[in-house]
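Please look over the structure below and read the briefing that follows it, which takes up a few topics in turn.

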Amino acid sequence: MLHWLTLMTDSLPSLLWAALVFTVPLTLASFALGLIVGLVAAVVRLFGPAPLAAVVRFYVWIIRGTPLLVQLFLIFYGLPSAGIVLDAFPAALIGFTLNVGAYTSEIIRAVIGSVPKGQWEAAYSIGMSWSQAMRRTILPQAARVAVPPLSNSFISLVKDTSLAAAITVPELFQAAQRIVATTYEPLILYVEAALIYLLLSSVLSALQVRLERRLGQYGGFLEAKS
């Protein structure tokens with residue numbers, strides 16, 4: 001037991017550093033870019049021309065229908081066959097962004113579609129253009145409804161970044177793998193990595209609850225509970 005505690009203490013700085021330098025930035029950047037991709041894809045699906053909407057539907061179908069690990073392998077190991085060579089971190093960023101974009105596009109499309117038609121009519125009645133109505137009336141209402149599913153997607157992404165270890169990104173899980181290769185103590189080190197992921201997810205879940213309660217003051221969440 002003392003040996004395990006010593007090993008956990010000695011390895012903790014390396015694991016936390018990998019999480020801080022690679023896992024957290026990869027998560028934040030992928031989610032931010034994925035949200036942009038998802039918003040554009042959702043708007044095209046709802047309001048764009050039919051040919052462009054068909055392209056977006058095909059993209060969403062491909063991403064949602066294939067495993068994330070396969071997508072990462074295609075980008076990092078497959079694209080070099082076509083003459084496109086990417087470093088590990090950019091490849092992971094592209095893979096996670098495309099994946100997040102596909103899933104968040106469905107969330108955003110659903111919440112925009114849930115805004116009553118009367119809100120559009122009210123915006124038009126006071127002289128707003130389509131873009132003004134979308135920016136000032138529709139998206140603020142849709143954003144409040146989208147917080148829970150988008151927060152869940154963000155928390156899942158934190159854990160999914162462990163897949164980046166498979167394409168040599170030196171994030172938290174690969175840092176644990178490297179220490180295992182020298183200490184031959186897979187059980188304790190993988191448990192330690194799991195506990196760090198659990199801590200990150202728990203903190204984010206607590207922040208999600210606080211955000212939902214804050215937004216509930218302006219209607220939506222709290223009414224649904226009453």
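Gln119 is partly exposed, with a relative accessible area of 29%, where buried means under 20% relative accessible area, exposed over 50%, and partly exposed in between (1.4 Å probe, protein chains only). Gln119 is found in helix H5, residues 117-125, and its C-alpha atom is separated by 38 Å from that of Pro67, 52 residues away along the chain. This is a predicted model, in which local features need pLDDT of at least 70 and side-chain atom pairs count only at pLDDT 80 or more, while totals for chains, interfaces and linings use all residues. Residues are numbered from 1 along each chain as its sequence is written, and side-chain values use heavy atoms, with hydrogens and water left out.

**Overall build**

- The protein has nine helices and zero strands, where helices (H or I, at least four residues) and strands (E, at least two) are DSSP runs, numbered from the N terminus.
- Along its principal axes the C-alpha trace spans about 70 × 50 × 25 Å, and 38% of the 226 residues count as buried.

**A salt-bridge network**

- The count comes to three salt bridges, a salt bridge being a side-chain nitrogen of Lys or Arg within 4 Å of a carboxyl oxygen of Asp or Glu.
- Arg45 pairs with Glu106, their closest N and O atoms being 3.1 Å apart, and this pair links distant parts of the chain, since Arg45 is in helix H1 and Glu106 in helix H4 (residues 88-114), 61 residues apart.
- Glu106 is buried, with a relative accessible area of 18%.
- The side chains of Arg64 and Glu106 also meet in a salt bridge, at 3.4 Å from N to O; this pair too links distant parts of the chain, with Arg64 in helix H2 (residues 50-65) and Glu106 in helix H4, 42 residues apart.
- Glu106 forms a salt bridge with Arg109 as well, with the closest N and O atoms 2.9 Å apart, and because these two residues are three apart in helix H4, they are separated by about one helical turn.
- Salt bridges that share partners join Arg45, Arg64, Glu106 and Arg109 into one network.

**The largest pocket**

- About 240 Å³ of space lies in the largest pocket; on a 1 Å grid over the protein atoms alone, a pocket is an open set of points where a 1.4 Å probe fits, with protein on both sides within 12 Å along at least five of seven lines, and lining residues have an atom within 4 Å of a point.
- Helix H1 (2-47), helix H6 (130-160) and helix H8 (186-216) each supply at least two residues of this lining, and H6 gives the most, with five.
- The lining has nine nonpolar, two polar and no charged residues, and among its members are Phe31, Val147, Ser151 and Gln208.

**Loops with positive phi**

- Most residues other than glycine have a negative phi.
- Thr168, although not a glycine, has a positive phi of about 70 degrees; Thr168 is found in the loop between H6 and helix H7 (172-183) and counts as partly exposed at 40% relative accessibility.
- Tyr184, another residue other than glycine, has a positive phi near 60 degrees; Tyr184 lies in the loop between H7 and H8 and is exposed, with a relative accessible area of 67%.

Definitions and conventions
Points joined across faces, edges and corners; volume = space filled by probe spheres on them. Nonpolar A, V, L, I, M, F, W, Y, C, P; charged D, E, K, R; others polar.
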